[in-house]
Amino acid sequence: MSLTESRPGTLPPLAAEPRWTARLWSVLAVLCLVLFLDGLDVSMVGIALPSIGHDLGLATGSLQWIINGYVLGYGGLMLLGGRTADLLGRRRVFLVALAVFAAASLLGGVVDDGTLLIATRFVKGVAAAFTAPAGLSILTTTFREGPQRNRALSVFSLFGALGYSSGLILGGLLTGIGWRWTFLMPVPLALLALVVGALLIPRDRHTETGGQDPAGAVTLTAGMLLAVYAVVTAPDQGWTDAATLATFGAAVVLLLAFVLIERRVRHPLVRFGILRQGTTVRANLSMVALMGAYLSFQFMMTLFLQDGRGWSPLRMAFALLPVGLIVAIGSPLAGRLVNRFGTAPLIITAMISMTLGYVWFLATAGSSPDYPLSMFPSLVLLGGGFAFGYGAIMAQATEGIDDSEQGLAAGLVQTSGQVGAALVLAVLTAVLSGAGGSGGDFTPYRPGLNLITGVAAIGLLLNLVPLLRLRRR
């Protein structure tokens, strides 16, 4: 019997879930393609870092800016991007930002200067900060609340995970040809999404009235950029050097200005009252630990395997692929597990898995880690922890939040993940500044892995302590 048929005593056919039209599928395909490109960009460019460093003469401290430039632009302006989409129209903001993303990708593939390359990465991050919230709001307003929207969100999330997984392999293949192709490959896909989106995404009117908060966005992003710059350059200049202290001081002033602006501006990016919800604060800190530890681990392993071990980009990509595959397979299941067990048990389990992954690597790596014994088990644990932890943390961040602030809560936890990852990566770069191992010697990288393990362990403790207090009561 088909879904549209009915039996006596059952609901009429009108209650059945309507089939999606070709236009609906096409709109969803455009949104998924853009999210796919976001995930693809992070992992694909990460594989190419050693080749970029060799070609352009960039040291480790400069290479991290290729990742952090994107991350800080993305995380620092995401809340402004969501607000802009509400004020100016989701379709308009989405298409303009997508065009900027394509142009920055093209420019990044042809420049010969490291500073310009980093600038293009920052511009791409800014563009993603507008496409991501605009695309999500297009999805939630195009598909009706209920099974239709849940189905669309499931497909949407899957493509984000697939983008990251595919980026590992594509990054290895394209870097073997030339690292510039990792920047150029997304261009035709972005242009395709731009054309199809302009034709099929329905026009919309702005849904909110009010003003922007550009001062808040500028002070937050500039403050984080200066903080990361100070941490990265301090090992060379000296932690007590006047320039280092001045940079740290400027970062603190800008971040304090951001707090004051948010308390006084009429339309703030962040209403700090939302942080009074205990689970919201814990979810944001958990996302910092999750994203900060893993992104730093991938950065460190990319340098170690290609520069230390002399592995080809493709071999290294296949070595890290288990994480991407587990994330792609496990991410769609996270929602079901949250519905069954709740967010807290799933986050604790995920953070235990992540921490054990780093601890296992530390315990078994020695001076020359073996892939079957050390790397592969660690990658399996990290992939499982990331796949189930990310979705559970996102769900926890919006628990108990009023419907009118669900968007703020979701944007805030994503911002925390991106900005936190940038800071942890900056500290890791400072720790690894003196690493000079050769011939596959992992010893100089152990302090960096100690840092990463510590970040993950702190994330675990943040979630264990409230549970222990609850049991005592």
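**Figure 1. Thr415 and the residues it touches.** In this predicted model, Thr415 makes contact with Gly75, Met78, Leu79 and Gly420, leaving aside residues up to four places away in sequence. Thr415 is part of helix α14, which covers residues 406-431. Is Thr415 buried or exposed? Its relative accessible area is 7%, so Thr415 counts as buried, the cut-off being under 20%.

**Figure 2. Helices α1 and α7 side by side.** Here we meet helix α1, made of residues 22-56, and helix α7, made of residues 186-200. Their axes come within 10 Å and cross at roughly 155°. Because angles over 145 degrees count as roughly antiparallel, α1 is roughly antiparallel to α7. The crossing of these two helices is left-handed.

**Figure 3. A closer look at the contact of α1 with α7.** From α1, the residues taking part are Arg23, Ser26, Val27, Val30, Leu33, Val34, Leu37 and Met44. Helix α7 answers with Pro186, Leu189, Ala190, Ala193, Val196, Gly197, Leu199 and Leu200. Which classes of residue make up this contact? There are 13 nonpolar residues, two polar and one charged.

**Figure 4. Stepping back to the protein chain.** Across the chain you will find 15 helices and zero strands. The chain has 473 residues, and 52% of them count as buried. Among contacts with a separation of 6 or more, 83% join residues 24 or more positions apart. The accessible surface comes to about 20700 Å², with 65% of that belonging to carbon and sulfur atoms.

Definitions and conventions: Residues are numbered from 1 along each chain as its sequence is written. This is a predicted model: local features need pLDDT of at least 70, side-chain atom pairs count only at pLDDT 80 or more; totals for chains, interfaces and linings use all residues. Side-chain values use heavy atoms; hydrogens and water are left out. Helices (H or I, at least four residues) and strands (E, at least two) are DSSP runs, numbered from the N terminus. Buried means under 20% relative accessible area, exposed over 50%, partly exposed in between (1.4 Å probe, protein chains only). Contact means heavy atoms within 4.5 Å. Accessible areas come from the Shrake-Rupley method with a 1.4 Å probe; for residues, only the protein chains shown count as cover. Axes are lines fitted to C-alpha atoms, for helices over the stretch in contact, and angles run from 0 to 180 degrees between N-to-C directions. Angles under 35 degrees count as roughly parallel, over 145 as roughly antiparallel, 65 to 115 as roughly perpendicular and the rest as oblique. A crossing is left-handed if the near helix is turned anticlockwise from the far one by less than a right angle, and right-handed if clockwise. Ala, Val, Leu, Ile, Met, Phe, Trp, Tyr, Cys and Pro count as nonpolar, Asp, Glu, Lys and Arg as charged, and the others, Gly among them, as polar.
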